[in-house]
Structure formats: C-alpha cells, structure tokens
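Here are a few friendly notes to read alongside the model. Please keep the 3D view open as you go.

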Amino acid sequence: MSVTRRTLLTTAAGAAVAATATTSTAASAASLDASDQASVTRTLRQAADYAVAKLRAVAPGVTAFPVGTKFEKWTYSQNGDWVGGFWPGQLWLAWLHSGDEQFKTLALASAEKLAPRQNDTGTHDLGFLFYPSWVTAWRLTGDDKWKAGAVQAASSLSKRYNPAGKFIRAWGSLTDPKDAGRVIMDTMMNLDLLAFASKQTGDPQYLEIAVAHAKTAQKNFVRPDGSTPHVFDFDPVTGAPIGPNTVQGYSPTSCWSRGQAWGVYGFTTIYRRTGDKEFLTTARRLAEFALSHLTSDHVPVWDYLAPQAPNDVKDASAGVIMACGLLDLAEITHRSQYRDSALRILSAISQTCLTTKSTRAEASVARCTRNRPAEDGIEVSLPYADYYLLEGILRVLDRRKVDRAVDLSSV
C-alpha cells in the first residue's frame, strides 16, 4: 500500500469505523435461514477437504515445524518455536476428518519431536506447544506417555507464575529481569494445559494458577468497551500494575485483533473448566467488541483500532481463532447469533482467504499477519491459521470429532 493511499485511509478512518461497525453489528444480528445454513455447510466441507488435500500433498515432506510462509512456501523451526504444536495438531484433525492413517502416523512423529520442550521453563507458550499435540495424542491413542509429557509441560509452565502479581510471565528466561513483569493476552490460551494437569493428577495447584492468572487478566486487560491491549506490564517484585503496552498491536490503546480472539477463546475455555460466570461475561464482552468492528467481508483487520482500520491489512488467523471461541459461546449460552457470526467468518475466510488459486502454496489459509509493527509476516500463511480453520470447520461439521481431540466439555 502506498504512503499516499495510507494517508487517505487515515483521514477517512474515523467515519469508516463508525459506518462499518454499525453495518457489521446489524449483519451479525441477522439469523441465517435454512438455505444459508446449507450453503455454508457446503462451503465449509469443501474448505476442509481442500485443507486435508493440501496436507496430504505437503506433510510427507515436512521434517520440522512450519512457522510461516515466504513466497508461499513454509519456513521452519527445528524445535517448534512457539507454534510447534499446531503442525501435529492439524495432522490429528486431518486424520479425524479423513480417516487417512498416514495423518496419524505423521502426527505422532511430529509430536515426538517436541519432547525436549516439556522441560522448557523459558516460555509461556507450552499450552500452544503441548495441547494440540501431546494432549490430543493422549486423547486419541490412550498412550499414557503423551499424558505424562503434557503434565510435565504444565509443571514447567507453572514455574513462570508470579504469586505477587498473580500472573504468568510471558517472555524471557526466569533468571532474566527483562520482561519479568510482562503479561500478554495470548497466555489465556495456554491456561487449559494447566486445567488438564489438575484434572489428570488431582493436584488443584495447576488450575488455581490458571484461574488466578485469568482473574488478573480480566481485571487489568479488559477496557470498558470490551477491547483489550496486547500487553499489560506489572512490577515483577510487588506485583503492582504498571499499565497497558503492546508489541504486535498498533499501540497500547489499540486492539490487536488476534489478541482479542485469543481472549474470546481463552476466557470461554476457562469458564468451561471452572463454571465461573465472570469469565463467561468477559468472553462475551470481548466477542461483542470484535463483532461490532468486523467489516462486511467478515475478515478481521489486523488491529481493530489502528488508524487505517477498517481499511488496513487483514489477519485471517484472528478470524478463525475467534470463530472457534464464538462456537463455544453459542454452545454455552444457547445464543444463535454467536454461531451465525462464526459461520459467516468461517465461510468468508473459506471463500476469500484460501490458497486455492495458487499452484505453489504449501499452506491452506492466506491473508494472515504475524507482526505488523515489525513488518514481519504481512499477507502470509501461518500454521495456527491452518489449524484453527480445521478446528472451527470440524466444530460445525462434526463437533464430536473435535471433542475427541481437544475436550469441549464443561464442568
């Protein structure tokens, strides 16, 4: 996008946000009729079949962990970085959708490569790494080695808990004072690994840490309008709140769309594990804000409150993540508008963001943004987008299959 074009968009942004927010709210409130539902189901089935066919072609040649694309080809991490769990995770979902045993074989081999990370105390992302890979492996195979590894990963994650501030530190070695008080919205998605560990071991401490962190995030991240910053900083010694910040969002006062999606899904999940209705209320507030800022194309902009929004770079990964959370909310609240909104998002991404017209693309979902401020990964494919696209679609086509993989139960 040219500088001139960006300047024009910035000038018009305020009016555009107001107009599109009103339009998208009305569109989200309208119910899908039977013919719409049937059309969406066909679209989603075709998208799932495409994603599985893509994996069938690409996965046998993958020996490490995809982290993002460059010129439509996957680039890799040997240890998984923070996204390693999504590759075996999508292979598991492909197996459930297709019944093709090669996906199960590949998922097990990929998950095995994450084994050294179960003792990694240097990251909060152990839920991302071990839930869709090792927890799902245990749920689908019954082999207790996968459960034991996931519980060990939860033990490593619990070491990052700061009891003074009641939060899980996001980044950095435990011995590094830099970022010692930094908390990010993404961590909401890592809490379910702790809930899993409490359920499997009978030790309540894991879940207690998860709940404490969620309450801290609920109190400090969520603004009156339901938007959230990416980061919130605390004094690591006293635990006192310092204030909002950002790394991947536009500013400390903006609303990074993928972070908002992590919040919708994460707060809904911690509600399912605890029954604490305040978490459900928070999840709904975050969802309502995001839905009110969706444009008519139903693909989230990378940051809902950036100056150029809503006419800025998109992030399809934020859309598929939020769709999964909305489907959860629909199940819990029995409110059809959440399901309808999720279907619109999944259908829109299936129709406008897949790589179906490319002969060289190795991923399924395009139009994703990893880190806009750093100009890192703009209009690329990301492994979590491919994973949550399949999860969201299978929640619609056959919820029982996803439940087998990731546990959609509530207390």
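1. Start with helix 5 and helix 14, which are roughly perpendicular to each other because their angle falls in the range of 65 to 115 degrees. Their axes cross at roughly 105° and come within 6 Å. This is a predicted model, where local features need pLDDT of at least 70 and side-chain atom pairs count only at pLDDT 80 or more, while totals for chains, interfaces and linings use all residues. Residues are numbered from 1 along each chain as its sequence is written, and side-chain values use heavy atoms, leaving out hydrogens and water.

2. Now look at who meets whom: Tyr 131, Thr 136, Arg 139 and Leu 140 of helix 5 touch Asp 403, Arg 404, Ala 405 and Val 406 of helix 14 (contact means heavy atoms within 4.5 Å).

3. Next, find Phe 86 and Tyr 387, whose ring centres are 5.6 Å apart with planes at 50°, so the pair is tilted (rings pair if their centres lie within 6.5 Å; planes under 30 degrees apart are stacked, over 60 edge-to-face, the rest tilted). Phe 86 belongs to helix 3 and Tyr 387 to helix 13, 301 residues apart. Phe 86 is buried at 0% relative accessibility, and Tyr 387 is buried at 3% (buried means under 20% relative accessible area, with a 1.4 Å probe and protein chains only).

4. Compare Phe 167 and Phe 234, a stacked pair with 5.0 Å centre to centre and 25° between the planes. Phe 167 lies in strand 4 and Phe 234 in strand 6.

Terms used. Axes are lines fitted to C-alpha atoms, for helices over the stretch in contact, and angles run from 0 to 180 degrees between N-to-C directions. Helices (H or I, at least four residues) and strands (E, at least two) are DSSP runs, numbered from the N terminus. Angles under 35 degrees count as roughly parallel, over 145 as roughly antiparallel, 65 to 115 as roughly perpendicular and the rest as oblique. Rings of Phe, Tyr and Trp (its six-membered ring) pair if their centres lie within 6.5 Å; planes under 30 degrees apart count as stacked, over 60 as edge-to-face and the rest as tilted. Buried means under 20% relative accessible area, exposed over 50%, partly exposed in between (1.4 Å probe, protein chains only).
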